[in-house]
Amino acid sequence: MAIEDNWIRPHLKQLSAYQSARDLFLSDGAVLLDANENPYGEANRYPDPKQVQLTEKLAEIWKTDANQVLATHGSDEGLDLLFRLLVVPGVDRVLICPPTYGMYGVIAAIHGVSVVEVQLRPNFTIDFEGLQNTVEQVTPKMILITNPNNPTGNLVGDIERVLQLSPNLVVVDEAYMDFCPEFSAVPLLKKYPNLIITKTLSKAYGMAGLRIGAILASPFLISWLRKIKLPYNISTLTQKHALCQLEKIENLAALRDEIIDEREKLQIALKRLSIVINVYPSQANFLLVSVTEPRTVFQALLAAGIIVRDRSKEVANALRITVGTPEENRLLIKELKHIANALTNNKSL
Ligand SMILES: Cc1ncc(COP(=O)(O)O)c(C=O)c1O
């Protein structure tokens, strides 16, 4: 038995996958009387369950082969599918490196899987010694790394080193990697069959409302994921709309570059404020900022109609601020100046 076979949850090996009608026949122009669809209406046909065109496009933008891509309903669905395929509830463990994306813990809890934590170092990079020791002690089935990390925004370190110390699976969540694509782990896919990468169109591509993500992995894992996903996980309209947006890739790239520019300006403006203790380096579309009184600042911004994320439970004094339009960022800084003045002069907010 190949080593990959051991990764699949044992009970799934007997699964005979559901064959949906549109899996068998998708042909335009044929008389389709096989799926109990309504012959009338605009979205009356079930979508392409294989998402052929979309998958090819995603493979092109993320520079891999189509047989290494599964399109998902956002990357959150991708993460959930990985647990369903690979992690045995009550038996296997997964490893995460906090502070990180909160959904890993939630998805693990939903699946009844226990989570082992190895904290990132104070500069939010991977603690390789701590990781190695923990991997040796508990042999996690899956290590989940976010790169760039959320909520900290930075690149966490050498992914190949993580792959070399893990006998099992390494999932790299690259939700924010399209803001710094040169650091992607995609080129490592060919070398490491235990590498899985999750991607999304929600961030740099600006399509969070569409719900499209992807899993990039070995053809073996992708074919297994295809067997267990729900047949029609991405609607026809969503597939069409995403393809249409991705045709205008230069516009999307220009907007992404504008966000990166704005991030740099915002960072400078934030650092000048008296209430700001630190602005952490970011490669993503948000900044983690520590301030003197995070709860007060959060509430005062909220009262002014500006909503940021209070992350002070994960990182001392920290608020996570998404980079907005130039106008939104200007309003944010204006309000923060007002808050800073009020706090310095002990005035009520
Ligand atoms: C690290 C990380 N992964 C995944 C997601 C979920 O993205 P999607 O919209 O593709 O489900 C987010 C969303 O904020 C995220 O921060």
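**View 1. Helix H7 lies across strands S1, S6 and S7.** Helix H7 (residues 219–228) runs at about 35 degrees to S1; strand S6 covers 195–200. Helix H2 (residues 52–61) lies across S1 and strand S7 (213–216), at about 115 degrees to S1. Helices (H or I, at least four residues) and strands (E, at least two) are DSSP runs numbered from the N terminus. Axes are lines fitted to C-alpha atoms, for helices over the stretch in contact, and angles run from 0 to 180 degrees between N-to-C directions. Residues are in contact if their C-beta atoms, placed from the backbone, lie within 7 Å. The model is predicted: local features need pLDDT of at least 70, side-chain atom pairs count only at pLDDT 80 or more, and totals for chains, interfaces and linings use all residues. Residues are numbered from 1 along each chain as its sequence is written.

**View 2. Helices H3 and H7 pack at an angle of about 95 degrees.** Their axes are 10 Å apart. H3 is therefore roughly perpendicular to H7 (65 to 115 degrees; under 35 counts as roughly parallel, over 145 as roughly antiparallel, and the rest as oblique). Leu 81, Arg 84 and Leu 85 of H3 meet Trp 224, Leu 225 and Ile 228 of H7. The contact of H3 with H7 has 5 nonpolar, no polar and 1 charged residues. Ala, Val, Leu, Ile, Met, Phe, Trp, Tyr, Cys and Pro count as nonpolar, Asp, Glu, Lys and Arg as charged, and the others, Gly among them, as polar.

**View 3. An open sheet of 7 strands has mixed pairing.** The strand order is S1-S7-S6-S5-S4-S2-S3. Strands S1 (69–72) and S3 (114–117) are the edge strands, each pairing on one side only. The twist averages 25 degrees from one strand to the next. Strand S2 (residues 93–96) pairs with S3 in the parallel sense over 4 bridges, and Arg 93 has Ser 114 in S3 as its bridge partner. Strands pair if DSSP finds at least two bridges between them.

**View 4. A shell of residues surrounds the ligand.** Among them are Gly 74, Ser 75, Asp 76, Tyr 101, Asn 150, Asp 173 and Gly 213. By class, the shell has 3 nonpolar, 7 polar and 2 charged residues.

Technical notes
Near = placed C-beta within 6 Å. Contact = placed C-beta atoms within 7 Å.
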